[in-house]
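Please read them alongside the coordinates.

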Amino acid sequence: NTMEGSIKAQVGDRIKRLVEKKYSSVDDLKSAIIDAFELSNTNITLSYSDTDDDIVPIESDTDLVAAF
């Protein structure tokens, strides 16, 4: 599955919107965030805020589908 859409990413107090990108895996999303923030540390964790405002980790491609 390929997920397509805009996401808002936050690293520390910096926030960026990644507009209209396609992600086929968690690794694709991580790469896009690492590139957007020009990070040297590639060991990052991902999470999203769901409709109940709970913070949910994105650890697998299945989690990525749920996040979109």
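Predicted model: local features only at pLDDT ≥ 70, side-chain atom pairs only at ≥ 80, totals over all residues.

1. How does Ser24 count by relative accessibility: buried, partly exposed or exposed? At 40%, Ser24 counts as partly exposed; the classes are buried under 20% relative accessible area, exposed over 50%, and partly exposed in between, with a 1.4 Å probe and protein chains only. Ser24 belongs to the loop between strand 2 and helix 1.

2. Residues are numbered from 1 along each chain as its sequence is written, and side-chain values use heavy atoms, with hydrogens and water left out.

3. Secondary structure. The protein chain has 2 helices and 4 strands, in the order β-β-α-β-β-α from the N terminus. Helices (H or I, at least four residues) and strands (E, at least two) are DSSP runs, numbered from the N terminus.

4. Overall dimensions. The radius of gyration of the protein chain is 11 Å, which agrees with the value near 11 Å for a compact globule of 68 residues. That radius is taken over C-alpha atoms, and the globule rule is 2.2 Å times the number of residues to the power 0.38. The C-alpha trace spans about 30 × 25 × 20 Å along its principal axes.

5. Of the 68 residues in the protein chain, 26% are buried. The chain exposes about 4,900 Å², and carbon and sulfur atoms supply 40% of that area; accessible areas come from the Shrake-Rupley method with a 1.4 Å probe, and for residues only the protein chains shown count as cover. Among contacts between residues at least 6 apart in sequence, 26% join residues at least 24 apart. Contact means heavy atoms within 4.5 Å.

6. Charge. There are 7 positive and 14 negative side chains in the protein chain, and the centres of the two sets lie 9 Å apart. Lys and Arg count as positive and Asp and Glu as negative, with His and the chain ends not counted. Each charge is placed at NZ of Lys, CZ of Arg, CG of Asp or CD of Glu.

7. Helix 1. This helix covers residues 26-37, 12 residues in total, and reaches 17 Å from its first C-alpha to its last, close to the 16 Å expected at 1.5 Å a residue. The expected span is 1.5 Å times one less than the number of residues. Its buried residues are Val26, Leu29, Ala32, Ile33, Ile34 and Phe37. An α-helix has 3.6 residues a turn, so residues three or four places apart point the same way.

8. Ser25 sits in the loop between strand 2 (14-23) and helix 1. At 15% relative accessibility, Ser25 counts as buried. Apart from neighbours within four places in sequence, Ser25 is in contact with Asp61 and Leu64.

9. Positive phi angles. Most residues other than glycine have a negative phi, and most peptide bonds are trans. Glu38 is not a glycine, yet has a positive phi of about 50 degrees. Asp53 is placed in the loop between strand 3 and strand 4 (55-58) and counts as exposed at 61% relative accessibility.

10. Leu46 and Val56. Leu46, in strand 3 (residues 46-49), is buried with a relative accessible area of 11%. Not counting residues up to four places away in sequence, Leu46 touches Val26, Leu29, Lys30, Ile33, Val56, Pro57 and Ile58. The C-alpha atoms of Leu46 and Val26 are separated by 8.7 Å, at 20 residues apart along the chain. Val56 lies in strand 4 and is partly exposed at 23%. Between Val56 and Leu46 the C-alpha distance is 8.6 Å, at 10 residues apart in sequence. Leaving aside neighbours within four places, Val56 is in contact with Leu46, Ser47, Tyr48 and Asp50.
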